Amino acid sequence: MIRLIDVQNNYLAIDFFLTMTCNKDCHYCTSYTLEQRNLTVDMDFLRSTLHYLRNYKVRCNLLGGEPGLVKNLDEVIAEIKSNPNHVCEVLSNSTVRRRYPQILKDPDIIYVEHMILDFYEHEITLLGNPNYEYHDENEFNNYNLVIKTPNFEKYKHLYPEAMAKLDNKNTLWKEFNGRAPNFGEIQITKQAAEIDRKMCAAFPMVPVINFENQNLVHCSKKFANNAITSKEFEITQENIDKMMTFKLFKYESYCETCTEYVQPKGHFNIKKYASILNE
Amino acid sequence: MIDVINDKLVLIDDMGNMAPIEDEAIKELYVSMKELLGDINIIEEVKEVEPIYSYIVEKIYTMPDYIKWNEVPFKDKPKEKLAIAFNKFIHDKIN
């Protein structure tokens, strides 16, 4: 069984934006359309991309959009899992729990459920079925994802029961980030130090394989926040090799003004750089 | 010219006069890099390496604790590149 901590320390994560279609409209997300489109993944494109990545330890984050809406998600996951160097992570608003429940029973898939839209004065607004329980501590690699929105900080004290249920090793707490259109006005964290942004630029928290345009995008955050277009690259063996050895992406003008959260301990720890640069 | 004498970074002028480099942050960086790489030679010729190596050196300079999270030792090739990046960083800072 895979362990999340090992994956975090030894793998580089790449977002696979399988489709931009989503069935929800989270107020802090600009990375979706309600239009139903591209719901069947082009397997030839997936296979060629995975082939270019075959020798690298990659965490393939399946998202978009909502991966639970993809019609051939099982096939996509089977293809990714066929290479032991690749780990599959699925991020869903709980549509996957409804449509592909078998994914939650497979401990070799990291399933991250973004179930909570936000915390309000009168309720916690959920994205999926209100009868779904939050994930308890488990060995199946099923995780709750909670985004620390400004409302979370403001109202979390009103929900001690929910907070107690979420207080386990299978809950991931994510800093609020710049995807909100008016993020600049409600910024919680200070801009990261320049050196952290430079390191992030060399290999962002997540570059993107965009299945709609079939290209490689430098940064998922700038991809999503489409006020500024992130640099795009053709998917070739040469570009993949350069990307995975920190040689493809540069510190761009949008990195200079980026206000995304970066871990105070650095974008990646030095152990991770050592393990990748030693290859 | 910059050199290491008695395990300390020193600046040597054209007349051969030596003055220890007193900048605490640079002294600390030298200690950290030595811990990471072993003995380091300071060379006059400043070479270029991929930016990631320079970033790691700069990160250690701004946050000396950064090396504490390294349970995986660097192999010879990345060590060599880090040493080059360290050399360049020191020269840029001092000159």
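This is a predicted model: local features need pLDDT of at least 70, side-chain atom pairs count only at pLDDT 80 or more; totals for chains, interfaces and linings use all residues.

Modeller: In chain A, strand S7 (residues 142-148) is mostly covered, with five of its seven residues buried.

Colleague: Which strand does S7(A) pair with over five bridges, and in what sense?

Modeller: Within this pairing, Lys148(A) stands opposite Glu175(A) in S8(A). Five bridges join S7(A) to its partner in the parallel sense, and that partner is S8(A).

Colleague: How many bridges join strand S4 of chain A to S7(A)?

Modeller: Strand S4 comprises residues 109-113 of chain A and runs parallel to S7(A). One facing pair is Tyr111(A), which stands opposite Asn142(A) in S7(A). The number of bridges joining S4 to S7(A) is three.

Colleague: Which strands are at the edges of the open sheet in chain A?

Modeller: The sheet has nine strands with mixed pairing, in the order S8-S7-S4-S3-S2-S1-S9-S10-S11. An edge strand pairs on one side only, and in chain A this applies to strand S8 (171-175) and strand S11 (232-233).

Colleague: Which residue of S9(A) stands opposite Phe16(A)?

Modeller: Strand S1 (residues 12-19) and strand S9 (residues 208-210) of chain A pair in the parallel sense over three bridges. Opposite Phe16(A), the residue in S9(A) is Ile209(A).

Colleague: Which element gives the most residues to the side of chain A that touches chain B?

Modeller: The contact involves 17 residues of chain A and 18 residues of chain B. On the side of chain A, the elements giving two or more residues are helix H7 (194-202) and helix H11 (270-277). The element that gives the most, with six residues, is H11(A).

Colleague: Why is chain A said to be as compact as a globular protein of its length?

Modeller: Chain A contains eleven helices and eleven strands. For its 279 residues the globule rule gives 19 Å, and the chain is as compact as a globular protein of that length because its radius of gyration is close to this value, at 18 Å.

Colleague: What share of the residues in chain A is buried?

Modeller: The C-alpha trace of chain A spans about 55 × 40 × 40 Å along its principal axes. Of the contacts in chain A with a separation of 6 or more, 71% are between residues 24 or more positions apart. Among the 279 residues of chain A, the buried share is 42%.

Methods: Residues are numbered from 1 along each chain as its sequence is written. Chains are lettered from A and ligands numbered from 1 in the order in which they are written. Two strands pair if DSSP finds at least two bridges between them. Helices (H or I, at least four residues) and strands (E, at least two) are DSSP runs, numbered from the N terminus. A residue is buried if 20 or more other C-beta atoms lie within 10 Å of its own, exposed if 12 or fewer, and partly exposed in between; C-beta atoms are placed from the backbone. Two residues are in contact if their C-beta atoms, placed from the backbone, lie within 7 Å. The radius of gyration is taken over C-alpha atoms; the globule rule is 2.2 Å times the number of residues to the power 0.38.
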